Every structure is written in structure tokens, then in C-alpha cells.
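This briefing covers a few side-chain contacts, a sheet and a pair of helices. Please keep the sequence and the structure open while reading.

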Amino acid sequence: MPSRSPASPGPATELRSSLHGRGRRLTPQRQKVLSLFERIGEGSHLSAEEVHLRLVRAEERVSLATVCRTLRLLSSMELLRELELPEGGRRFELASDAHRDHHHLVCVGCGRTEEFESSVVLDEGRRAAGSHGFRLIECVLNVRALCPRCAAVEPA
């Protein structure tokens with residue numbers, strides 16, 4: 001996780017300011033969800049159920065419905081990024097401008113998600129956007145595959 005300079009506010013400060021500006025408050029549940037992602041750092045992709053399970057194991061009292069609402073809110077505020085999987089699942093990760101254009105290798109068997117970077121994919125995204133008159137905002141590729149463990153149990 002990139003270190004922040006002392007003058008740079010952290011996600012919790014950004015969340016508090018943004019919520020206050022919208023007439024909302026930083027509830028303990030919202031803080032618990034954001035703190036979990038700050039603890040695990042960049043590159044970790046959790047489903048709502050996994051977030052809820054980790055909080056329950058840490059003896060935090062929060063419902064799955066609250067976790068789901070909080071994840072949507074934090075994503076809409078761009079403090080978390082949502083990865084929507086073709087199978088209908090959603091995973092969330094801590095947002096970072098320093099790590100914006102990365103890609104995901106997603107196991108269709110178990111949901112394991114690994115990140116990778118590729119300048120070739122980013123260059124092709126820029127080229128495709130430019131050739132159609134678009135301005136590239138971000139370039140994200142999701143590659144669906146089977147991880148070694150799932151591939152070992154599924155026939156080829």
C-alpha cells in the first residue's frame with residue numbers, strides 16, 4: 001500500500017468529510033468496513049459475505065444488509081472499487097489512484113482473484129478509445145480462468 005504523506009488525508013478522513021458534506025455521518029459500521037479494507041490493504045478482493053464474516057469473527061456487530069449498503073456507499077464515493085464478476089458476484093477492493101489501471105485474473109470455480117498489470121492492455125485501451133473519439137478514464141481487464149486448485153478437480 002503506498003504510504004501517504006502526513007498532509008494527505010486517509011480514507012477515513014475522506015469518508016468523514018464526504019459524508020458530512022452530504023448531510024450524513026460516519027457510523028461505527030461504516031468505519032468498521034472501511035477499517036477492514038485499510039488493514040488488509042490494496043490487492044485484496046472481498047465479497048460482501050467475506051467482509052461480513054471477517055467482521056463477525058472480529059466480534060463486530062454488523063448485519064450483512066448493513067455491510068452490503070456500506071460497500072455500495074463506499075464504492076459510490078470511490079473509496080472502494082467494485083469488481084463485478086460475470087457469474088453475478090461482486091468483490092470490493094480499496095481504491096487507489098496509484099494503482100488505478102490494473103487487471104484481474106478471476107477463477108470461475110472459487111472466485112480467487114489475482115491482480116496483474118499490463119502496459120500492452122493499457123496501450124490497446126488508449127488506442128481503442130482514441131480511434132472512436134473517446135477519452136480513456138481507466139482500463140480494466142477481467143480474465144476468467146481456473147486457478148490451479150480448481151483446474152485440478154475439473155476435467156479439461
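A polar contact is here a pair of N or O atoms within 3.5 Å, where, within protein, one atom must be able to donate a hydrogen and the other to accept it. The model is predicted, and the points below are grouped by topic.

- R91 is located in strand β2, which spans residues 90-94.
- Because buried means under 20% relative accessible area, R91, with a relative accessibility of 11%, counts as buried.
- The side chain of R91 is joined to the side chain of E50 by a polar contact of 2.7 Å, and a polar atom of the R91 side chain also lies 3.1 Å from the backbone oxygen of H45.

**The open sheet**
- Three strands form an open sheet in the order β4-β3-β5, and their pairing is mixed.
- The edge strands, each of which pairs on one side only, are β4 (113-116) and β5 (142-145).
- On average, neighbouring strands of this sheet are turned by 25° against each other, with direction ignored.
- Strand β3 (residues 103-107) runs antiparallel to β4 and is joined to it by 4 bridges, and V106 stands opposite T113 in β4.

**The packing of α2 and α4**
- Helix α2 (residues 28-40) packs against helix α4 (residues 64-76) at an angle of about 70°, and their axes are 10 Å apart, which means that α2 is roughly perpendicular to α4.
- The crossing in which α2 passes α4 is right-handed.
- On the α2 side the contact is made by Q29, R30, V33, L34 and F37, and on the α4 side by T66, T70, L71, L73 and L74.

Conventions: Residues numbered from 1 in each chain as written. Predicted model: local features only at pLDDT ≥ 70, side-chain atom pairs only at ≥ 80, totals over all residues. Heavy atoms only, no water. Helix = DSSP H or I, 4+ residues; strand = E, 2+ residues; numbered from the N terminus. Buried < 20%, exposed > 50% of the residue type's maximum accessible area, 1.4 Å probe, protein only. Pairing = 2+ DSSP bridges. Axes fitted to C-alpha atoms, helices over the stretch in contact; angles between N-to-C directions. Parallel < 35°, antiparallel > 145°, perpendicular 65-115°, else oblique. Left-handed = near helix turned anticlockwise from the far one by under 90°. Contact = heavy atoms within 4.5 Å.
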